[in-house]
Amino acid sequence: MASSVQHPWLLLLLVLLSAVAPATARTPVFDDNYVPTWGADGYHLVNQGTQVRLTMDKRSGAGFCSKSTYGSGFFRMRMKVPGGYTPGVVTAFFLMSVPPQSSDRDEVDFEFLGNVDGQPITLQTNVFVNGHGNREQRLKLWFDPAAETSTSTRYSGTLTSS
């Protein structure tokens with residue numbers, strides 16, 4: 001009598017592959033880990049909730065903070081700054097320890113300072129350690145982060161706990 005399974009190694013291979021195949025992970029949505037802190041009108045979820053787009057108008061902007069605290073990690077931001085005549089407008093990304101009102105907070109700032117047409121945009125950075133700053137650095141950018149041909153400005157870094 002002939003066996004109904006002619007290649008038992010094929011069945012074993014299929015069982016092994018199904019056991020080691022990674023499960024499809026759910027992509028977390030932005031609101032799982034972050035909460036708007038101000039400017040709710042300028043806080044818009046995009047890409048099925050996996051990203052946030054912050055907008056500003058003549059009166060306000062928008063911001064958010066993480067629901068968890070982190071001792072170390074990796075961050076990446078993509079941002080586009082407003083172009084044209086923008087004196088007084090500061091487009092910023094910053095990381096701050098909690099509680100933010102504490103006099104011994106730690107903070108890292110990236111601030112794009114508004115400017116007049118035709119002038120290079122300035123990136124200002126600052127670092128606060130145990131509440132002490134005065135480490136501002138200004139750099140005139142050699143490219144225009146507000147240009148239509150620039151899709152985004154990207155900055156990456158690694159944070160480590162002390």
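Trainee: What does the accessible surface of the protein chain come to, and how much of it belongs to carbon and sulfur atoms?
Mentor: It comes to about 12200 Å², and 56% of that belongs to carbon and sulfur atoms. The areas come from the Shrake-Rupley method with a 1.4 Å probe; for residues, only the protein chains shown count as cover. Keep in mind that this is a predicted model: local features need pLDDT of at least 70, side-chain atom pairs count only at pLDDT 80 or more, and totals for chains, interfaces and linings use all residues. Residues are numbered from 1 along each chain as its sequence is written, and side-chain values use heavy atoms, with hydrogens and water left out.

Trainee: How many helices and strands does the protein chain have?
Mentor: Two helices and ten strands. Both are DSSP runs numbered from the N terminus: helices are H or I with at least four residues, strands are E with at least two. Along the sequence the pattern reads α-α-β-β-β-β-β-β-β-β-β-β.

Trainee: Why is Thr122 called buried?
Mentor: Buried means under 20% relative accessible area, exposed means over 50%, and partly exposed is in between (1.4 Å probe, protein chains only). Thr122 has 8%, so it counts as buried. Over the protein chain, 23% of the 162 residues are buried.

Trainee: And what makes Gln48 exposed?
Mentor: Its relative accessibility is 77%, and the cut-off for exposed is over 50%, so Gln48 qualifies. Gln48 lies in the loop between β2 (43-46) and β3 (51-54). Its phi is near 60°, a positive value in a residue other than glycine.

Trainee: Why does Asn130 count as partly exposed?
Mentor: Asn130 has 48% relative accessibility, which falls between 20% and 50%, so partly exposed is the word. Asn130 sits in the loop between β8 and β9, and also has a positive phi, about 50°, although it is not a glycine.

Trainee: Which strands form the open sheet, and in what order?
Mentor: Four strands, ordered β6-β7-β8-β9, with antiparallel pairing. β6 (90-96) and β9 (137-140) stand at the edges with a single partner strand each, so one side of each has no neighbour in the sheet.

Trainee: Which residues make up the largest nonpolar core?
Mentor: It has eleven residues, among them Phe75, Phe93, Phe110 and Leu123. A nonpolar core is a set of buried Ala, Val, Leu, Ile, Met, Phe, Trp, Tyr and Cys residues joined through side-chain atoms within 4.5 Å. β5 (73-79) and β7 (107-113) each supply at least two residues of this core, and β5 gives the most, with three.

Trainee: What does Phe110 touch?
Mentor: Contact means heavy atoms within 4.5 Å. Leaving aside neighbours within four places in sequence, Phe110 is in contact with residues including Phe75, Met77, Phe93 and Leu123.

Conventions
Two strands pair if DSSP finds at least two bridges between them.
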